[in-house]
Structure formats: C-alpha cells, structure tokens
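Visitor: I have a model open and want to go through it piece by piece. Can we start with the annotated site and then move to the packing?

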Amino acid sequence: MKIPFLSFSPQNTSIRTQVLDAVARVFDSQWYVLGESVKTFEAEYATYSDARHCIGVANGLDALHLALKALGVKEGDEVIVPSNTYIATWLAVSYVGATIVPVEPNIHTYNLDPAGVAAAITPRTRVIMPVHLYGQACEMDRIMELAQQHELHVVEDNAQAQGATFNGKKTGSFGSANGTSFYPGKNLGALGDAGAITTNDPALALHLATLRNYGSQRKYYNEVIGYNSRLDELQAAILSAKLPYLDEWTRQRQQIAAWYDQYLAGIPDVVLPVTAAGASHVYHLYVVRSPRRDALQAHLTAQGIGTLIHYPIPPHLQQAYAALDFKPDAFPLAQEIAATCLSLPLWPGMTEEEVQYVSAAIRAF
C-alpha cells in the first residue's frame with residue numbers, strides 16, 4: 001500500500017462540480033479583481049469565524065504583515081512570537097521593523113506558553129502573536145488576560161486552525177486583527193495562494209481594506225502608502241464553494257486523529273499529540289515525536305508512507321535571522337521539537353485501513 005502525506009483526491013472529487021461552477025461564474029462575470037466573489041466570501045468567512053469583518057488578501061504572510069502595519073507596530077516596538085513556528089510569523093514582524101521576542105512553547109501542546117509570555121513582556125512590547133500550531137487553539141483566555149493587563153494587542157496566526165476553538169470561542173476572533181492562510185494544503189485551501197484578516201473593529205477593517213488596495217478606498221485616490229495584496233476573485237469563489245464543507249472535513253480530521261491515538265497508543269519512544277484543557281484541535285497536522293525520528297521517517301518511506309517534518313529548523317537558527325545573533329541553544333524546546341517531530345499522513349477521506357497501515361509500520365519499527 002502506498003499512502004501519500006497529503007491527497008486532495010477525495011475532497012476534489014466530492015466538490016468538483018461546485019468548484020468548476022464557481023470558476024465559470026467568475027469567468028462569465030468579466031469582473032476579476034475585488035468584485036462580488038471577494039465581498040461574498042469575506043462576509044461568509046467573517047460569519048464562520050465569529051468575527052465582524054474579514055478582509056481578503058493575497059496570502060497568509062501578507063495577512064500578518066498588514067495586521068501589524070494597521071496596528072501601528074514599528075521599529076522600536078517588540079512583538080512576542082513563538083520560538084517554534086513557521087518562519088512567516090517572524091517575517092511579518094521583520095517587515096514592520098519591530099523586534100522579534102521569541103518565547104518557548106508548552107512542550108506538550110507545542111503552543112505558546114502563557115507563563116513564558118508573561119515573563120517576556122517589557123515596556124516596549126506592543127503585540128502578542130500566538131500561533132495555533134498544527135491546528136490546536138492556544139490557551140487564549142490567559143493570553144488575552146495578559147494583553148488586557150498590559151494594554152497590548154493580540155494578533156492571532158490562525159493559518160493552521162480554521163474552525164478551532166478555545167472555551168467555545170473561535171480562533172481568529174480573539175485578537176485585534178488576525179491573519180489566516182488559504183494555501184492549498186490548509187484545512188480550508190484555495191487553488192493557489194490566498195489569505196485573510198479577521199477583526200471585530202470596523203475602523204481597523206476599513207484601514208486594512210485600504211492598505212491591501214494600494215492605500216486607496218476610491219479608485220485613483222490614495223489616502224495612505226499601501227500595498228497590492230488583494231484576494232483574487234477566482235480564489236474567493238473557490239473558497240466560498242468549499243467553506244460549507246469545512247466542518248465536515250474537520251470532523252473527518254478529528255476522527256482520523258482519534259484512530260491514530262488508538263492504534264499508536266503505548267508504543268515506546270513515540271509521543272502522541274496532547275490537547276490542552278479548553279482547546280479544540282482541528283488537526284491540520286498530526287504530529288508525533290520520537291528520538292529516532294530520522295530513522296523512523298526512512299522506515300516509513302521504505303513502506304510507501306509519506307511524511308513531512310514541520311519544521312526541521314527553528315526560526316532562530318535560520319540563516320535569514322543570523323543577524324539577530326541568537327545563541328544556538330537559546331531556545332532548547334524549539335530545537336527539541338524540530339529534532340524529534342514527524343507529521344503523519346492525514347487528510348479528509350483517509351480511511352481507517354490506511355491509518356492502521358501507517359500505525360502498524362510505526363509499531364513494527
């Protein structure tokens with residue numbers, strides 16, 4: 001049996017007609033930038049996220065960058081970020097010239113540790129940027145308490161956790177402005193790059209909509225220095241076609257994760273995912289850890305099983321951030337996770353038999 005790390009086939013087969021019809025509607029409309037498809041999806045995704053506003057942008061990194069920009073974050077300000085995350089989180093802070101302040105995760109959930117956040121806050125801190133990593137909601141109640149106590153903004157990186165909740169409240173609805181990605185492999189994925197910002201602040205929403213469109217609210221009149229970062233009409237239409245299925249796909253992801261939990265239980269040297277009290281997990285990724293990760297990955301590859309490592313190099317060790325001069329051992333938990341984590345195959349439509357095959361291969365190793 002061959003099992004790829006990710007397969008779009010079950011999803012694409014089930015919604016092929018709806019997606020192609022959406023593409024045809026955009027083609028026939030003869031309006032291809034910031035038209036009705038974007039407006040419709042923005043309204044739908046805001047409702048889904050329990051947020052008042054959604055602003056579609058070109059990709060997830062732009063969503064985080066523009067959120068920080070709209071909040072006035074600048075050189076001299078500090079932004080608290082996780083030490084273990086995809087580098088886009090850090091890049092967004094770099095784009096506005098602010099200082100990156102990494103905080104170690106909770107080693108069990110891999111998400112930002114609120115105790116570490118509390119210790120990292122200084123008079124220069126402006127923003128806390130929690131990342132709902134792998135699809136699990138961060139412990140947002142404590143993070144929001146810290147933000148309110150110190151009069152800070154929160155910008156959620158919700159790229160991997162669309163539909164997740166903490167104490168019943170949706171991720172992407174806590175912060176002042178929150179970025180998400182619709183990269184094709186995400187739980188809600190476009191057929192190319194796409195992203196969005198959610199917010200409950202109408203004035204901030206208007207500012208973000210202006211920034212993403214050359215700094216303009218009215219064609220050829222530019223109020224501020226802006227960017228060209230607009231959600232594409234085609235991608236918006238495709239996302240609208242897929243959004244009604246997201247909860248069912250999430251249910252399938254959670255069932256697949258439950259099967260993995262069952263079939264991988266008790267295997268020595270394999271650490272399974274842990275979900276924090278109050279958090280839900282939508283399993284963008286099912287990540288295990290093992291001190292023999294590299295050998296395990298090679299074994300699974302030989303068995304026809306695809307895996308990936310999210311992520312092999314922590315941001316502080318990337319060449320791009322060598323100038324920050326972090327010591328190699330500055331963030332040992334991030335390094336431990338990077339050295340031991342392995343993402344197993346998981347996608348809507350994956351069968352229990354396939355999960356059993358992957359699990360048996362791990363148990364045999």
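Visitor: Where does K186 lie?

Guide: This is a predicted model, in which local features need pLDDT of at least 70, side-chain atom pairs count only at pLDDT 80 or more, and totals for chains, interfaces and linings use all residues. Residues are numbered from 1 along each chain as its sequence is written, and side-chain values use heavy atoms, with hydrogens and water left out. K186 lies in the loop between β8 (178-181) and β9 (195-199). Helices (H or I, at least four residues) and strands (E, at least two) are DSSP runs, numbered from the N terminus.

Visitor: Which annotation covers K186?

Guide: The unreviewed UniProt entry carries the annotation "active site" for K186. UniProt positions are in the numbering used here, feature names are shortened, and annotations may be inferred rather than shown by experiment.

Visitor: Is K186 buried or exposed?

Guide: K186 is buried, at a relative accessible area of 15%. Buried means under 20% relative accessible area, exposed over 50%, and partly exposed in between, with a 1.4 Å probe and protein chains only.

Visitor: What is K186 in contact with?

Guide: Leaving aside neighbours within four places in sequence, K186 is in contact with A159, Q160, Q162, S181, R253 and H284. Contact means heavy atoms within 4.5 Å.

Visitor: On to the sheet. What is the strand order?

Guide: The order is β1-β9-β8, an open sheet of 3 strands with antiparallel pairing. Two strands pair if DSSP finds at least two bridges between them. β1 (53-57) and β8 are the edge strands with a single partner each, so one side of each has no neighbour in the sheet. From one strand to the next, the twist averages 25°.

Visitor: How many bridges join β8 to β9?

Guide: There are 4 bridges joining β8 to β9. Among the pairs, S181 has G195 as its bridge partner in β9, and N178 has T198.

Visitor: Why is β9 largely enclosed?

Guide: 5 of the 5 residues of β9 are buried, so the rest of the structure largely encloses this strand. G195, I197 and T199 point one way, and A196 and T198 the other. In a regular strand, side chains alternate between the two faces of the sheet.

Visitor: Which helix packs on the sheet?

Guide: Helix α7 (residues 202-211) does, touching β1 and β9, and its direction makes about 15° with that of β1. Axes are lines fitted to C-alpha atoms, for helices over the stretch in contact, and angles run from 0 to 180 degrees between N-to-C directions.

Visitor: Helix pairs next. At what angle do α9 and α12 pack?

Guide: Helix α9 (residues 246-264) and helix α12 (residues 352-364) pack at about 35°, with axes 9 Å apart. The contact involves residues including W259 and Y260 of α9 and V355 and I362 of α12.

Visitor: And how do α1 and α8 cross?

Guide: The axes of helix α1 (residues 9-29) and helix α8 (residues 233-242) cross at roughly 150° and come within 9 Å. Among the residues that meet are V19 and V23 in α1 and L234 and I238 in α8.
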